[in-house]
Structures are given as structure tokens and as C-alpha cells.
Amino acid sequence: QVQLVESGGGLVQAGGSLRLSCAASGRTFSSYTMGWFRQAPGKERQFVAAHSWSAGTTYYVDSVKGRFTISRDNAKNTVYLQMNSLKPEDTAVYYCAARGPDYGRVRRTSPSEYDYWGQGTQVTVSS
């Protein structure tokens with residue numbers, strides 16, 4: 001079993017930055033695919049970014065490319081989402097997710113592909 005705990009959300013003005021953290025416990029997650037999703041009120045959960053351990057790659061939804069960066073520190077069992085140039089449309093609850101162990105090289109962009117979820121952290125971007 002893997003437990004995920006997000007932190008780092010908050011209120012920020014448009015153009016500002018936030019860094020979200022997701023601490024994993026329960027198992028060594030170095031072989032897991034780690035993802036970030038977000039869900040705005042009344043909308044479906046949306047893929048934001050993911051890091052594939054097996055492929056050694058990161059990938060993003062088009063709307064955040066160039067602004068968000070996902071990274072991970074396996075020694076600390078933590079994955080991060082650095083968010084820059086934030087826009088009001090980025091406002092949502094952000095969730096960390098894990099799939100694994102994952103030895104495939106398929107891009108995991110659907111919530112159904114992930115096994116474990118954090119409780120979410122609110123990000124609000126004011127205009």
C-alpha cells in the first residue's frame with residue numbers, strides 16, 4: 001500500500017508561482033509512474049503531468065507546457081510540481097497519483113490508470 005500526502009497549495013495572484021509536493025510512504029516508489037491531476041468545480045479530473053520511471057520521461061497536458069515542471073526525488077520519496085506563470089484557469093484541487101510498479105513505457109494520462117491517490121490540495125489563482 002502506498003500513501004500519498006500533498007502540500008503546497010494556496011492562494012496566489014495570476015503570474016505567480018507555487019510548488020506542490022507529494023510525499024509517498026508505505027513502499028519505495030522509485031519504480032512507480034507518478035502523476036499530477038487537477039479537478040475544478042463541476043469538471044472532470046484532468047491530467048496535468050507525469051513522470052515515468054521506466055521511460056525516464058516527463059509529459060504534460062498542452063495547457064501547462066512551458067509553465068509547469070514535474071520532478072521527483074526518490075531518496076525522499078517525494079514528487080514535486082513547480083507551477084509558474086499561473087493563470088486563473090489553473091484554479092483547482094490538485095491531486096498526486098501513483099501507478100506501480102510500472103515497467104511500461106505507455107503515457108499514463110487517465111485517472112483510471114493510477115492505483116493510489118492523495119487527498120488533494122487547493123490551488124486558487126486570482127486575477
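1. Two strands count as paired if DSSP finds at least two bridges between them. With that in hand, take Ser7: this residue stands opposite Ser21 in S3. Note that the model is predicted.

2. The Ser7 pair belongs with a second one. Gln3 has Ser25 as its bridge partner in S3. In total, 5 bridges join S1 to S3, and the two strands run antiparallel.

3. S3 also pairs with S8. The sense is antiparallel, over 6 bridges. One of the contacts to look at is Leu20, whose bridge partner in S8 is Leu81.

4. A point on side chains. In a regular strand they alternate between the two faces of the sheet.

5. The largest nonpolar core holds 28 residues. Which members touch the most others? They are Leu4, Trp36, Leu81, Met83 and Tyr94. Seven strands are listed as giving two or more residues to this core: S3 (18-25), S4 (33-39), S5 (46-52), S7 (68-73), S8 (78-83), S9 (92-99) and S11 (121-126). Apart from this core lies another, of 6 residues, among them Ala50, Tyr59, Ala97 and Tyr114.

6. Leaving aside residues up to four places away in sequence, Leu4 touches Cys22, Ala23, Ala24 and Met34, among others. Its contacts also include Cys96, Ala97 and Ala98. Tyr116, Trp117, Gly118 and Gln119 are on the list too.

7. Cysteines next. How many disulfides does a search of the whole structure find? The search finds 1. Cys22 and Cys96 form it, with their sulfur atoms 2.1 Å apart. The link is left-handed, at -80° about the S-S bond. It ties distant parts of the chain together: Cys22 sits in strand S3 and Cys96 in strand S9, 74 residues apart.

8. Are Cys22 and Cys96 buried or exposed? Both are buried. Leu4 touches both of these cysteines. Leu4 is also among the residues that touch the most other members of the largest nonpolar core.

Definitions and conventions. Residues are numbered from 1 along each chain as its sequence is written. This is a predicted model: local features need pLDDT of at least 70, side-chain atom pairs count only at pLDDT 80 or more; totals for chains, interfaces and linings use all residues. Side-chain values use heavy atoms; hydrogens and water are left out. A nonpolar core is a set of buried Ala, Val, Leu, Ile, Met, Phe, Trp, Tyr and Cys residues joined through side-chain atoms within 4.5 Å. Buried means under 20% relative accessible area, exposed over 50%, partly exposed in between (1.4 Å probe, protein chains only). Helices (H or I, at least four residues) and strands (E, at least two) are DSSP runs, numbered from the N terminus. Contact means heavy atoms within 4.5 Å. A disulfide is a pair of cysteine sulfur atoms within 2.5 Å.
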